[in-house]
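Hi,

Here is the structure I promised to pass on. Have a look at it first, and then read my notes below.

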Amino acid sequence: MKMTATAEIVRLCREIDETARDVYAKLSRVPCPEELSRFWAHMSEEEAEHIRFWERAEHAGDLTTIPDLVEDADEVIAELERTLVRSRELLDLIGEDCDVAASFTLAYRMEFYLLHPAFELLFRLLGPSAGDPNPADEYECHISEFIDMLRSYGSVTPELELLGETIQRLWRENKRLAASSARDDLTAVLDRRGFFALSTQLAHLAARTGSTLGVMMIDIDHFKSINDQHGHVTGDRVLRDIAGLLSSRLRASDTVGRYGGDEFVVLALPVIHGGTWAIAEAIRKAVEEASTHDIATTVSIGIAEAELGSDIQADFLRLIERADLALYEAKRNGRNRVSQHKPVLD
């Protein structure tokens with residue numbers, strides 16, 4: 001079976017982390033202060049933990065069935081392939097004559113290679129299926145430990161401390177970019193790509209645990225009239241307000257995204273049989289109660305729920321389709337209501 005872009009990117013990230021593990025293991029065997037040798041061995045074990053994350057991600061769900069998780073996938077693959085070659089070249093530069101300054105310089109280069117934005121983005125998006133521990137949760141500490149050790153040997157190479165701080169700034173910037181890259185600029189909820197990237201992982205998790213999941217398609221009633229009568233600035237505010245209400249009313253385990261225009265999509269997981277209706281009706285009432293006299297805002301919601309079968313991707317997409325059909329039924333029947341499609345997948 002042809003490897004998808006997502007599977008190829010995960011493989012490359014794993015192999016780069018495998019190289020980092022080997023680089024630090026080799027540094028730990030170079031003659032150096034015992035404290036530093038133990039530190040390199042510790043760094044090697046942390047990279048081994050990252051590798052285990054990638055392995056869990058590769059085995060937890062079928063990566064050949066999920067959509068591309070990153071934009072410009074071909075470009076990312078090419079960048080990671082070059083990074084893999086360069087990181088492997090570091091192994092040849094580590095020898096018995098590699099002093100403390102040279103060791104830190106090589107380690108800095110390795111850490112720089114590990115700061116490709118694909119790592120942090122995939123840590124976030126694959127986390128639900130790969131499970132804990134997630135490298136994203138401890139990488140800040142990983143970088144801090146590296147900088148602290150640099151400072152311990154700053155008298156040897158004072159400029160290395162600045163390099164360490166540069167790594168930390170790059171990591172924080174990557175973290176910020178990863179958090180925003182899958183988000184809708186206006187409403188701050190997941191955009192369509194981000195929603196599908198995350199919810200597909202959650203769908204695989206639900207299938208493994210036999211959990212029922214629910215999908216809600218939510219449309220703002222007469223949104224065009226709001227824009228026409230009150231202007232697009234007001235329309236944008238309504239979108240932000242409803243997105244905020246959804247985020248505050250849903251559970252931490254639920255996922256909300258902007259599907260497009262004035263339409264939102266929610267994945268509710270897990271739910272008991274009939275539980276999606278209760279969540280949707282609570283949202284509908286909350287929107288109605290929060291609307292003002294000047295701008296009476298309501299939503300129509302279509303829902304569907306089911307346990308997924310063996311064809312997880314197809315079943316999940318069919319569930320979204322059925323929720324979408326239920327949404328149109330709610331709109332045909334007068335809007336400001338919840339409509340449910342039959343909950344059993346064919």
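One term before anything else: a residue is called buried when its relative accessible area is under 20%, exposed when it is over 50%, and partly exposed in between (1.4 Å probe, protein chains only). Keep in mind that this is a predicted model, where local features need pLDDT of at least 70 and side-chain atom pairs count only at pLDDT 80 or more, while totals for chains, interfaces and linings use all residues. Residues are numbered from 1 along each chain as its sequence is written, and side-chain values use heavy atoms, with hydrogens and water left out.

Let's start with His116. With a relative accessible area of 14%, His116 is buried because that value falls under the 20% cut-off. You'll find His116 in the loop between helix H4 (100–113) and H5; helices (H or I, at least four residues) and strands (E, at least two) are DSSP runs, numbered from the N terminus.

Next, H5 and its partner, helix H2 (residues 34–60). Their axes come within 9 Å and cross at roughly 55 degrees (axes are lines fitted to C-alpha atoms, for helices over the stretch in contact, and angles run from 0 to 180 degrees between N-to-C directions). Among the residues that meet there are Phe53 and Trp54 in H2 and Phe119 and Leu122 in H5; contact means heavy atoms within 4.5 Å.

H8 has 18 residues and reaches 25 Å from first C-alpha to last, close to the 26 Å expected at 1.5 Å a residue (that is, 1.5 Å times one less than the number of residues). Its buried residues, including Phe195, Phe196 and His204, pack against H5 (117–130), strands E1 (213–220), E2 (255–260) and E3 (263–268), and helix H12 (312–332). At the start of H8, a side-chain oxygen of Asp191 comes to within 3.3 Å of the backbone nitrogen of Arg193. After H8 comes Gly210, with a positive phi near 70 degrees.

As for the whole protein, it has twelve helices and five strands, and 54% of its 346 residues count as buried.

Cheers

How values were computed: Polar contact = N/O pair within 3.5 Å; in protein donor to acceptor, adjacent residues only side chain to side chain.
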